[in-house]
Amino acid sequence: MTEVLVIGSGPAGMAAALDLHVRGIDVTVVDDQGAPGGRIFAAIESREAHSADDHTGAALTARFRAAGGTYLPATETWQIEAGPRVFVTHEGRARMLEPQFVLLATGAQERPMPFPGWQLPGVMTVGAAQTLLKAAKQIPSDPVWLAGTGPLLLLYAHQLVEAGGTIAGILDTSPVGGWVKASGFLPAALAYGWRDLLRGLGWLGRSRRWAIVRHVVSIEAIGSECLESARYTTASGESGEIAAKLLLIHDGVVPSIHATQSAGCRHQWNSTQRCFEPIVDEFCTTSDPAIFVAGDGATILGARAAIVSGQLAAIGIARAAGRLSDADARRAAAPLRRNLNSAANFRHFVDALYPPIEMAVPDATLVCRCEEVTAKQLRNALVGRPELGPDGVKIATRAGMGPCQGRQCGLTITRLVEEVHGAACQDIGFLRIRPPLKPLTLGELASLETTA
Amino acid sequence: MKRKTEMFRRINVGGGQGKPVTLSIDGVSVAAEEGEPVAAILLRTPPFTCRRTPVGGMARAPFCMMGACFECLVEIDGETSMRSCMRPAREGMAVVRQLGRPDLLAELNR
């Protein structure tokens, strides 16, 4: 029986597994994707490395493969219970694992960016387009419009141009005065990420050539069966309409918390990044002493910090397993913590420059794409019912009950409760996440071997 | 309404090129590369959608490409509601777009 189960083989998961392996701890890594790398290093083994980050990812992935621990790709985790007990399926067969410790390295997802028409074919996330570039080597056929804000949007625009694509323009939702607010964080940010900042400036320089509509405050996607055009308005009240069959949207990334929520870990509201995060201690331990979280699944700091965070979690697990004394663990952790503090300083700069925008959600917006519940239905359900939280409004409207289990509407539901009831997001909380975390067939359930 | 022009095109960016494979989408043969996500192929194949929703019959297409939005559900080799973004293309794979609510009687008779 494996001592440690790592869920996720992105930068945090791979770094943690390698570190645990070196410490002589038996580790199994599962990942729902077919190859290691996570989102940031997707298909890293089958494409050319283009940047320093890609080279880091390729080297880390090669070391992870060579370490020879148990790695189970294409394996979905669908339930995590106290114990811990973890249920996974691979190729139609389910099994239960009972490791001593679980490390969740499940990363981030893009923040839902709802607006009227965002469910139309032709509206996709920037992250999706980036995955298409990395994993399928495909790019938009025509000059493409991007909408939103954040480093990933600029990075993809840059990668698309490098790959031979064309940008039509950007509906930029960044607020006025971001650079002024961010400048205070610049000195500390330079220490950690001057290369990133230089790269970012390069992307911004290139972006001057594109049509950029600044301070966009509302977007509406128009079309009957698919996207035909998009309307926008700006902070100064100007409006316009662009013809588009593809619109790539992005409003930053947030931790993927379905696994930690379902495992019963305690969470807190990050008011700067406007998202929930699992509460972890200085060794990445959650409120359950057998469950650890590393990487962007704990707090958004990016891939480079995720590697360090994975190493820190490995130290934490070795310490909790009695394989490393408290003093040795603290000594080994100190330089990693300093690195993560620098990464956090860099993040403060990025947060000031690209704060989450969360455009107003008009009544016509399909907040829950699966069950097709509009913002108006949610507001109507909430008005005059202060006792209703996310779970109450879910029962009243079915929002969050579909196959995505609130991954695309959960944060918006919390926002709407905040808006209608005037409560604090920390108190409102998130939808209660129930198993199975990913849908599984009855056949898969029936195949369950209760002894792993 | 069928879209006449494509949304995405493939590029050659170097790196390992996968083996060419042929799979079928709604019975029509489609050329692809082994291992690429099925959702990517759907986005290159008219009408560039993957399903109609069981709730309101709306057309939907892949949205997040990372298994989190469940928009790209299709039938693959007889199994319904598979996330096509999570499934690598294989030779002979049979992909069927899902049109609204499943007809349980038709399923039974199959």
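This is a predicted model: local features need pLDDT of at least 70, side-chain atom pairs count only at pLDDT 80 or more; totals for chains, interfaces and linings use all residues.
Between them, chain A and chain B bury about 4,000 Å², of which 57% is on carbon and sulfur atoms; buried area here is the accessible area, taken with a 1.4 Å probe, that two parts lose on being put together, summed over both. Residues are numbered from 1 along each chain as its sequence is written, chains are lettered from A and ligands numbered from 1 in the order in which they are written, and side-chain values use heavy atoms, with hydrogens and water left out.

Let me stay with the interface. On the chain A side 49 residues are in contact with 43 residues of chain B, where contact means heavy atoms within 4.5 Å. Between the two chains the count is 5 salt bridges, a salt bridge being a side-chain nitrogen of Lys or Arg within 4 Å of a carboxyl oxygen of Asp or Glu. One salt bridge is formed by Arg369(A) with Glu71(B), whose closest N and O atoms are 2.7 Å apart. There are also 20 residue pairs in polar contact between chain A and chain B, both residues being at pLDDT 80 or more; a polar contact is a pair of N or O atoms within 3.5 Å, where within protein one must be able to donate a hydrogen and the other to accept it, and residues adjacent in sequence count only if both atoms are side-chain atoms.

Which elements of chain A each supply at least two residues of the side that touches chain B? They are β8 (108-110), β9 (123-125), α3 (126-136) and β10 (138-140), with helices (H or I, at least four residues) and strands (E, at least two) taken as DSSP runs numbered from the N terminus. The largest share, 6 residues, comes from α3(A). By type, the residues on this side of chain A divide into 22 nonpolar, 12 polar and 15 charged, on a scheme in which Ala, Val, Leu, Ile, Met, Phe, Trp, Tyr, Cys and Pro count as nonpolar, Asp, Glu, Lys and Arg as charged, and the others, Gly among them, as polar.

Strand pairing also crosses the interface, since two strands pair if DSSP finds at least two bridges between them. Here β10(A) is joined by 3 bridges to strand β1 (residues 8-10) of chain B, and the two run antiparallel, with Pro140(A) standing opposite Phe8(B) in β1(B).

Now back to α3(A). Of its 11 residues, 10 are buried, so the helix is mostly covered, where buried means under 20% relative accessible area, exposed over 50% and partly exposed in between, with a 1.4 Å probe and protein chains only. Among the buried residues of α3(A) are Gln130(A), Thr131(A) and Lys134(A). Following α3(A) comes Lys137(A), whose phi is positive, near 50°.

Elsewhere in chain A, strand β1 (residues 4-7) and strand β2 pair in the parallel sense over 4 bridges, and Val4(A) stands opposite Val27(A) in β2(A). From β2 (residues 27-30) of chain A, Val27(A) and Val29(A) point one way and Thr28(A) and Val30(A) the other, and all are buried.

That brings me to salt bridges over all chains, which come to 41 by this rule. Glu98(A) and Arg85(A) form one, with their closest N and O atoms 3.3 Å apart. Glu98(A) lies in the loop between β6 (93-97) and β7 (101-104) and Arg85(A) in strand β5 (residues 85-90) of chain A, so the pair ties together parts that are 13 residues apart in sequence.

Are Glu358(A) and Arg111(A) buried or exposed? Glu358(A) is buried, with a relative accessible area of 16%, and Arg111(A) is buried too, with a relative accessible area of 7%. Their side chains meet in a salt bridge of 3.5 Å, N to O. Glu358(A) lies in the loop between α9 (326-353) and β22 (366-368) and Arg111(A) in the loop between β8 and β9 of chain A, so this pair ties together parts that are 247 residues apart in sequence. A network of salt bridges links Arg111(A), Arg274(A), Glu358(A), Arg415(A) and Glu418(A).
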